[in-house]
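Please look through the sequence and the model shown below before reading on.

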Amino acid sequence: MAVSWLRRVRGHRWLCCLLTMVCAVARSSCAQSTAMPLRPAAVAYDAAGNAYFADTDRNQVYESTLGGTLLVVAGNGSQGFAGDGGPATSAALNAPQGVAIGPAGEMYIADTGNQRIRVVQLGTISTFAGNGVRGFAGDGGSAIAASLALPTALALDSKGALLVCDTGNQRVRRISNGIVATVAGNGTQGFAGDGASATGAELDGPQGVATSIDGRIFIADSRNHRIRVIDGNGNITTLAGTGARGYSGDGSAATAAQLNLPRGLVLTSSGVLVFADSDNRRIRAISPDGVITTLIGSGTQGASVEGTTSLSAWLNAPRAVALSSLGEVTFADTANRSIQLQAQTQVQTQASDGVFTAAALVPARTSTVALTGPQSAVYGQWSGQVSVSGGASTPLGAVSLSEAGITLSTGSLTPGSANFDLTGLSVGRHALIASYAGDVVNPAASSSLQTVNITTAALLATANAVSMLYGEPVPLLGGTLTGVLAQDSGNVAVSFGTMATTLSPVGSYPITASLSGSAAANYTVSLSPSSGTLTVAQAPSFTNLPAQASGSYAGEPFVLHAIVGSTTSGTPTGTVSFLDAGATVAQAALVAGIASASYATATAGTHTFTASYSGDSNFLGSTSAAQSIVISAVPDFTVSSAGATLQTVPAGSSATYSLLVGAQPAPFSGVVAMSITGLPTGAVATFSPPAIVPGASNVGVTLTITTPVHAELVRPHPLPAPLYATALAPLLLFRRRRARLPLLGFALACLVSVLVASLGGCGARTVAPATSSSTSATYTLIVTGTGTNVAGQVITHSLPLTLVVD
């Protein structure tokens, strides 16, 4: 329309010059004023939801952030070509009419008046396609060396190739890996070619392009008043429009509808094609089944107030469309110098909240964020709600909760509010703030700080009951833990412990539980009523009765020893009983595991001894194996006659008796001293030998009694045997038990024995009447052997003899 109008006034050169001057002054004036758009001609979104639009009259590209900030991202406002290799904001552009954002954030610009496609990467601008010479050339070669003519609309396909409406060349071209090629149009302005190869078709001023995942390419064949599509085989057909300029067909097949200068296309994820029906002042849509409807606009040229219902809105030459990250239809309302959004989430329906200007273009618009929730909560149980009210439509988009600049959680408004469950908010005091990212229509905002106190959550531990023997190492303790949040799985562990040790006394000990792990500080733990305990039981003991040497003697104290030990560790205490054939004969207390007791009344013979430990508070009792020990009888001796016990001799002569000193029942190792009583007065008795150690055999002893010649025959009173024993005892005690006297001691003992015998023989005589006749006297003599046994006891044995003196 503008081109036709310019043709009509071309003959009035003065008017053309005036218009040129007015436009130049207007551009200069606007460049120095606020950064509001003059002629937005294209719009696109990046992955983060920020909107970009090209302003043809300002020769700049703007970013309208999700949060409502307006930024210049390319162009310094001067019309021209400059700046490649430098900052994009310092470059000169010339009436840009297309913009597209790549997956890595790269921005493609249709620098229309410079006959180029330029790209901004990480803030640096460069030429992507076009040599700056208006024309058509370069297919199959480098895109930078190719000639373009008034490039306008841009789109990226699923493979990352850039599609360009080369409007002045009546073509759509594709740039992939730096190589340019034509995908539609033969360069002839007109309409032809449906049903055949797209490269052979005629187009007329194409100003919109979009692609689908399956490879189809949609073209706004603007001056043919059609939407055309290229299938996967490269063939072109008409999707919408009869070719007749006008408005009709809503609710029916798009191919039967009338369009009026369609521009700008976008395809939704559900396959709905949205386009700007520019001179009909509407935004229209074609469903996947080919039905056309109007989404926005009443058809009236002009501008509506904010929030006007979509189908009642006034538009003014919309030129481009895009979809926000929230699914909102966004369009460049070019002649109204605005970027508008339809505040709805599904473009397939006609219901909407209304049409709103992007927040970046309405600096006074604000949003209010409110955070509500409890001021105190148990760990894992805090929940709150973020509510956002906007100055335009019901806010949509993302909200987040943060603390000290660190984002804790994010959510989406549905619509106007979002619920948060901050189960991971750690124990302690927190200052939370809710932030709204904006939705292009409603600007970003934040709530005031809210203080929240999180207390520990309670866990329940159940320890497994376990037992051990006294003296054993404490076993590994285990159990279960309940109540840990799923988010802390693997970050909280329970350990069970006890105060009991290896040598803790027998009894029951509680088992405690403690927590560890990166999330342990958020919990407290207690034991369940069914939690088990550690039981220390008595440990088995063993009792050994060391081998006892046989050879002890009856009546002699016999010492028994027992060793009591543990099958685990520790030392048993208490009492050990010693049993002889099952009867207790002695008892003793354990000292360092050993008990010793004396058995003084053992009789001769074989005895079966055992040691029985009664146990104590920490040890069970035990009994040793039986041990047989032989107790020998105490050795003794005998005194007997080896000949006649009656001797008759004349007075003054000698009588000789043969005696035997022997051992019974075992060898007698003591010294036996011989003595005699009952001798006639004046008679002398001698023993040869006077003292004997009988050992294991019988030892002969000769007793010689010499009677006096003229002695008066009287009967002496016999000297009692105990007197001899008393006299001999000091000498006999010189010998040690079971040891023989030294030679000198033995000689001394023999000498004493002789003296005692002599004293006995020379005992006082008394006159006694004769027992046989008046001329002879009969004497009863008592021969006594005295010795000390192995028990230290003095023993005596006597033998009566008869002496008759004529």
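Accessible areas come from the Shrake-Rupley method with a 1.4 Å probe, and for residues only the protein chains shown count as cover. The accessible surface of the chain comes to about 34300 Å², of which carbon and sulfur atoms hold 56%. This is a predicted model, in which local features need pLDDT of at least 70 and side-chain atom pairs count only at pLDDT 80 or more, while totals for chains, interfaces and linings use all residues. Residues are numbered from 1 along each chain as its sequence is written, and side-chain values use heavy atoms, with hydrogens and water left out.

**The whole chain**

A residue is called buried under 20% relative accessible area, exposed over 50% and partly exposed in between (1.4 Å probe, protein chains only). Of the 806 residues in the chain, 47% are buried. Helices (H or I, at least four residues) and strands (E, at least two) are DSSP runs numbered from the N terminus, and the chain has 4 helices and 60 strands. A contact means heavy atoms within 4.5 Å; among the contacts in the chain with a separation of 6 or more, 55% are between residues 24 or more positions apart.

**The nonpolar cores**

A nonpolar core is a set of buried Ala, Val, Leu, Ile, Met, Phe, Trp, Tyr and Cys residues joined through side-chain atoms within 4.5 Å. In the largest one, which has 34 residues, those touching the most other members are Ile511, Leu534, Phe558, Val576, Phe578 and Phe609. Strand β45 (residues 558-566) gives this core its largest share, 4 residues. At least three residues come from each of domain 3 (457-537) and domain 4 (539-631), where the domain bounds are taken from an automatic or database domain assignment. Leaving out residues up to four places away in sequence, Ile511 touches Ala463, Asn464, Val466, Leu477, Phe496, Gly497, Leu527, Gly532, Thr533 and Leu534. A second, separate core has 28 residues, including Tyr657, Val672, Leu679 and Val701.

**A sheet of four strands**

Two strands pair if DSSP finds at least two bridges between them. An open sheet is formed by 4 strands in the order β52-β54-β58-β56, with antiparallel pairing. Its edge strands, each pairing on one side only, are β52 (636-641) and β56 (684-688). Neighbouring strands of this sheet are turned by 25° against each other on average, direction ignored; the axes used are lines fitted to C-alpha atoms, for helices over the stretch in contact, and angles run from 0 to 180 degrees between N-to-C directions. The antiparallel strands β56 and β58 (residues 699-706) are joined by 5 bridges, and Thr686 stands opposite Thr704 in β58.

Pro96 lies in the loop between β4 (70-74) and β5 (98-101), and it counts as buried because its relative accessibility is 0%. Its contacts, not counting residues up to four places away in sequence, include Ala41, Ala54, Ile109 and Thr112. Pro96 and Gln115 are 19 residues apart in sequence and 9.7 Å apart in space, C-alpha to C-alpha.

Val266, in strand β18 (residues 262-267), is buried with a relative accessible area of 15%. Apart from its neighbours within four places in sequence, Val266 is in contact with Ala210, Val272, Leu273, Val274, Val321, Ala322 and Leu323. Val266 and Ser212 are 54 residues apart in sequence, and 9.5 Å separate them in space, C-alpha to C-alpha.

Ser402 belongs to strand β29 (residues 398-403) and is buried, with a relative accessible area of 9%. Beyond its neighbours within four places in sequence, Ser402 is in contact with Thr407, Leu408, Ala431, Leu432 and Ile433.
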